[in-house]
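I opened the model to look up aromatic rings and their neighbours. My notes follow.

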Amino acid sequence: QVQLVESGGGSVQAGGSLRLSCAGSRSTYSDYCLGWFRQGPGNEREGVAIIASGSTGRAYTLYADSVKGRFTISLENAKTTVYLQMDSLKPEDTAMYYCAATYNTWSCGLAYQHHYWGQGTQVTVSS
């Protein structure tokens, strides 16, 4: 069973930055799809960013339009930790943020149905 543990959430003012971390119990060298999702008050869960190996093994990333240019997803630490660098934060970014992972797959996307999920970390942005 894979475990994912998020950290790094908190409260910031608009324009500030936060870096979320997701520590996984499994290394990811190929055939993976890793993502960050969020769910704000009264909203459905939405995909924020993904990083995946694809069939070629060359990692690629995708971002929701609402965060493009402000958020950056990366995979580090012997490929066990996924980060989400969030800059120029806005009040509408306020949400519970979850990381998710699927292995042994070439498929991925912002709406991907993942196998493993973390417990979430709260991000609150004040105006």
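I began with Arg 45, which lies over the face of Trp 117, 4.0 Å from the ring centre. I count a charge as over a ring if NZ of Lys or CZ of Arg is within 6 Å of the ring centre and within 35 degrees of the ring normal. The charged end of Arg 45 also sits over the ring of Phe 37, 5.8 Å from its centre.

This is a predicted model, where local features need pLDDT of at least 70, side-chain atom pairs count only at pLDDT 80 or more, and totals for chains, interfaces and linings use all residues. Residues are numbered from 1 along each chain as its sequence is written, and side-chain values use heavy atoms, with hydrogens and water left out.

Next I looked up ring pairs. How many aromatic pairs does the structure hold? I found two. Rings of Phe, Tyr and Trp (its six-membered ring) pair if their centres lie within 6.5 Å; planes under 30 degrees apart are stacked, over 60 edge-to-face, and the rest tilted.

Phe 37 and Trp 117 make a tilted pair, 4.9 Å centre to centre with 55° between the planes. Phe 37 is in strand β4 (residues 32-39) and Trp 117 in strand β10 (residues 116-117), so their pair ties together parts 80 residues apart in sequence. Strands here are DSSP runs (E, at least two residues), numbered from the N terminus.

I then checked accessibility. Phe 37 is buried at 4% relative accessibility; Trp 117 is partly exposed at 30%. Buried means under 20% relative accessible area, exposed over 50%, partly exposed in between (1.4 Å probe, protein chains only).

Tyr 103 and Tyr 116 also form a tilted pair, at 6.0 Å and 45°.

Notes:
Helices (H or I, at least four residues) and strands (E, at least two) are DSSP runs, numbered from the N terminus.
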